[in-house]
Amino acid sequence: MQRGRFIVLEGGEGAGKSSNLQCLQQMLEARGLRVLRTREPGGTPLGEALRFILLDPVYEGMELKAELLLMFAMRAQHVAQVIRPALEAGTWVISDRFTSSSYAYQGGGRGLETETIAWLENLVQSDLRPDLTLLLDTPVDVGLARMRSRGEPEDRIEHESRPFFERVRASFLEQAAAAPERFIVLDAAQPLAEVQASMQAQVERYFAACWTD
Ligand code: T5A
């Protein structure tokens, strides 16, 4: 059986990951593929419980290394229980965030060392890496305005300062520039229909060889 592919959507707050994930799922299913949609933090019962802790403003001041380790504890369960078994069964996995977010938020945003994150990535994921990461890039103000327009209370990370989110954005763009063969950067400040059209066209091209298998 052919292994499934692993696609991740990344970006800052309000970049449009959830809105575009649904479109991506429909596009892949129209190709006759089995698709599993998941998210981080979350993706398993343990992961969803850890998400609740990670985002709850009651834990303001959480030690940076505690935050990093909780992200990777969540991910260890997600990889073992959901992502790896699905890929091995030939299912395509599409995830709202994955390890690039740890590099961007805990590394770029919080200033933790890249080497520490890379060590945890190897421990938890072994050789598993996304086949493709779609980076939805928006100016920070655009994303924050979209997020705030929903009128929902801010979570612990959304409380962060504008410079924090600028560092997060810069880290995502640096990651994409360092690995252009497995990142596609989309201008997510465009209207949603245009972002989706661009995403579909680029994913079609990226996986062209898979459609003919
Ligand atoms: N985190 C996560 C870490 O710190 N480290 C890690 O390792 C991981 C995995 C939770 C937090 O966890 C942190 C990062 C996050 O702070 P999350 O739940 O994915 O992660 O949080 P958010 O990014 O805050 O998710 P959002 O739901 O806010 O943003 P989305 O999914 O990017 O945006 P979406 O699709 O919900 O859209 C937001 C609004 O904008 C509109 C939508 O209709 C919606 O109203 N919109 C557009 N409007 C106009 N034009 C477009 N192109 C639009 N696209 C969307």
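This is a predicted model: local features need pLDDT of at least 70, side-chain atom pairs count only at pLDDT 80 or more; totals for chains, interfaces and linings use all residues.

Student: Thanks! Is R97 buried or exposed?

Tutor: R97 counts as buried, because its relative accessibility is 12% and the cut-off for buried is under 20%.

Student: And what is the phi of R97?

Tutor: Phi of R97 is positive, about 80 degrees, although R97 is not a glycine. Most residues other than glycine have a negative phi.

Student: Where is S126, and what is its phi?

Tutor: S126 is a residue other than glycine with a positive phi, near 50 degrees. S126 belongs to the loop between helix 5 and strand 4. With 46% relative accessibility, S126 counts as partly exposed.

Student: Which peptide bond is cis?

Tutor: The one from E40 to P41 is cis, and its omega is near -10 degrees. You can find P41 in the loop between strand 2 (35-39) and helix 2. Most peptide bonds are trans.

Student: Let's switch to the ligand. Which residues come nearest?

Tutor: There are 29 residues around the ligand, and E13, K17, S19, R97 and S102 come nearest.

Student: Which atoms lie 3.0 Å apart at R75?

Tutor: There, a polar side-chain atom of R75 lies 3.0 Å from an oxygen atom of the ligand. At A15, a backbone N or O atom is 3.2 Å from a ligand oxygen atom. L192 also has a backbone N or O atom to show you, and that one lies 3.3 Å from a nitrogen atom of the ligand.

Student: How much of the ligand does the protein bury?

Tutor: The ligand taken alone exposes 1000 Å², and the protein buries 84% of that. The space that the ligand takes is the largest pocket.

Student: Which elements give two or more residues to the shell around the ligand?

Tutor: Those are helix 1 (17-30), helix 2 (45-55), helix 3 (64-88), helix 4 (99-109) and helix 8 (192-206). Helix 4 gives the most, with four residues.

Student: New topic: where does I117 lie, and what is it in contact with?

Tutor: I117 lies in helix 5 (residues 114-125). Apart from neighbours within four places in sequence, I117 is in contact with L68, F72, S102, Y103, Q106, G107 and L112. I117 is buried, because its relative accessible area is 0%.

Student: S102 again! How far apart are the C-alpha atoms of I117 and S102?

Tutor: They are separated by 7.4 Å, and the two residues are 15 residues apart along the chain.

Student: What about A76 and Q125?

Tutor: Those two are 49 residues apart along the chain, and their C-alpha atoms are separated by 7.2 Å. A76 is in helix 3, and A76 is partly exposed, with a relative accessible area of 31%.

Student: One last stop: where is D137, and what does it touch?

Tutor: D137 lies in strand 4 (residues 132-137). Leaving out neighbours within four places in sequence, the contacts of D137 are R169, L173, V185, L186, D187, A188 and A189. At 14% relative accessibility, D137 counts as buried.

How values were computed. Residues are numbered from 1 along each chain as its sequence is written. Side-chain values use heavy atoms; hydrogens and water are left out. Buried means under 20% relative accessible area, exposed over 50%, partly exposed in between (1.4 Å probe, protein chains only). Contact means heavy atoms within 4.5 Å. A residue is near a molecule or strand if one of its heavy atoms lies within 4 Å of it. A polar contact is a pair of N or O atoms within 3.5 Å; within protein, one must be able to donate a hydrogen and the other to accept it, and residues adjacent in sequence count only if both atoms are side-chain atoms. Accessible areas come from the Shrake-Rupley method with a 1.4 Å probe; for residues, only the protein chains shown count as cover. On a 1 Å grid over the protein atoms alone, a cavity is a set of points where a 1.4 Å probe fits but cannot get out, and a pocket is an open set with protein on both sides within 12 Å along at least five of seven lines; lining residues have an atom within 4 Å of a point. A molecule sits in a cavity or pocket if more than half of its atoms lie within 2 Å of its grid points.
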